[in-house]
Amino acid sequence: MLDVNKEASVVKSPLTCLIVDDSAFMRFHLRRMMDSFDNVIASEAANGNEALREYGRLRPDIVLMDIVMPGMEGVETVKRICSEDPKARVIMISSVSYQEKVAEAMSAGAKWFIPKPVTTEELRRAIQNVLSPTTDN
Amino acid sequence: MRLDFVKIFVDSTAVLFRELIGPPVDVPSISMKPSPVAGREVMAIIGLAGEAHGRVIFDMDLFTAVQLAGHMLGEPSPGMTPLVRSSIAELASMAIGRAISKINDGGTRLSMSPPTVITGANLVSYDQCFETLVAPIATAYGEVRVNITIQDLD
């Protein structure tokens with residue numbers, strides 16, 4: 001098992017994660033990756049509005065966020081989550097990864113950006129970095 | 001027709017297919033077709049907007065779609081399930097997203113719509129007056145055609 005949950009290894013509580021993507025395939029794929037890590041509880045949202053509602057209800061340790069979604073897209077959703085909770089830890093996972101869009105996502109409050117297709121190793125590294133930002137990559 | 005963008009779409013798709021589906025992936029030729037595009041049983045459609053506009057349609061046989069999705073999911077699928085449809089949509093989205101990113105980094109603003117997947121027999125896509133470039137991409141699971149129409153706004 002990969003131990004992505006450095007904080008949980010101290011406090012013995014599971015890492016909670018909210019997966020936000022309009023694609024059922026991506027939610028399935030990311031949930032399977034998260035399930036392969038140790039001590040993780042994952043929830044899902046299929047659009048921006050659902051993500052805001054679930055974030056407020058669950059206050060997850062991390063959020064995995066798509067960008068291109070119908071209705072409220074990912075960057076706007078991150079902006080709203082971070083204005084409500086400046087300590088939110090959001091990892092963007094998107095097929096659209098040009099420099100301006102990445103900068104827009106980071107300035108909205110995202111802590112990390114992974115271009116699709118994402119690998120388990122990239123996701124593990126991103127989560128470790130977001131949970132312990134002082135750790136070297 | 002923005003042929004420079006067409007090449008980026010085709011190259012990005014071929015590279016992504018090699019990464020996700022594995023070899024062999026081959027693009028034997030690209031041809032120009034007048035609209036409408038006659039598709040096969042499964043079509044994934046993505047709209048393009050910004051400083052240029054158009055759309056990209058991936059079309060393939062049902063068998064190919066189910067096999068490609070099964071490869072992506074890591075398990076065989078019994079047929080055109082919602083998860084298979086979503087896998088094909090995501091495959092198209094990742095390919096075009098990668099191309100869009102290169103085009104934007106090159107200085108042209110272009111955005112994409114979320115993909116729409118349509119299934120059925122004798123599907124035809126009608127456009128107003130555009131010609132379409134068609135790139136057949138051969139994969140281990142059958143051919144995927146990438147039908148691209150893109151023009152500058154002026």
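Biologist: Which residues touch the most other members of the largest nonpolar core?

Modeller: This is a predicted model, in which local features need pLDDT of at least 70 and side-chain atom pairs count only at pLDDT 80 or more, while totals for chains, interfaces and linings use all residues. Residues are numbered from 1 along each chain as its sequence is written, and chains are lettered from A and ligands numbered from 1 in the order in which they are written. A nonpolar core is a set of buried Ala, Val, Leu, Ile, Met, Phe, Trp, Tyr and Cys residues joined through C-beta atoms within 7 Å, where buried means 20 or more other C-beta atoms within 10 Å of the residue's own, exposed means 12 or fewer, and partly exposed lies in between, with C-beta atoms placed from the backbone. Among the 82 residues of the largest core, those that touch the most other members are Val63(A), Leu64(A), Ile91(A), Phe9(B) and Ile88(B).

Biologist: Which helix gives the most to this core?

Modeller: Helices (H or I, at least four residues) and strands (E, at least two) are DSSP runs, numbered from the N terminus. With eleven residues, the helix that gives the most is H3 (residues 82–105) of chain B.

Biologist: Where do the buried residues of helix H5 of chain A lie, seen down its axis?

Modeller: In H5(A), residues 99–108, Lys101(A), Ala105(A) and Ala108(A) are buried. The arc, taken from the directions from the helix axis to the C-beta atoms, holds these buried residues within 65°, so they line one face of the helix. On the other side, Gln99(A), Glu100(A), Ala103(A) and Ser107(A) are exposed.

Biologist: How many bridges join strand S3 of chain B to strand S4 of chain B?

Modeller: Two strands pair if DSSP finds at least two bridges between them. S3(B), residues 42–50, and S4(B), residues 52–60, run antiparallel, and a hairpin joins them through one residue. Ile45(B) stands opposite Ile57(B). The number of bridges is seven.

Biologist: In strand S5 of chain B, which residue is the bridge partner of Ala49(B)?

Modeller: S3(B) also pairs with S5(B), residues 110–112, in the antiparallel sense over three bridges. In S5(B), the bridge partner of Ala49(B) is Ser111(B).

Biologist: Is Ser111(B) buried, partly exposed or exposed?

Modeller: Ser111(B) touches Ala49(B), Gly50(B) and Ile100(B), not counting residues up to four places away in sequence; contact requires C-beta atoms, placed from the backbone, within 7 Å. Because Ser111(B) has 15 other C-beta atoms within 10 Å, this residue is partly exposed.

Methods:
Two residues are in contact if their C-beta atoms, placed from the backbone, lie within 7 Å.
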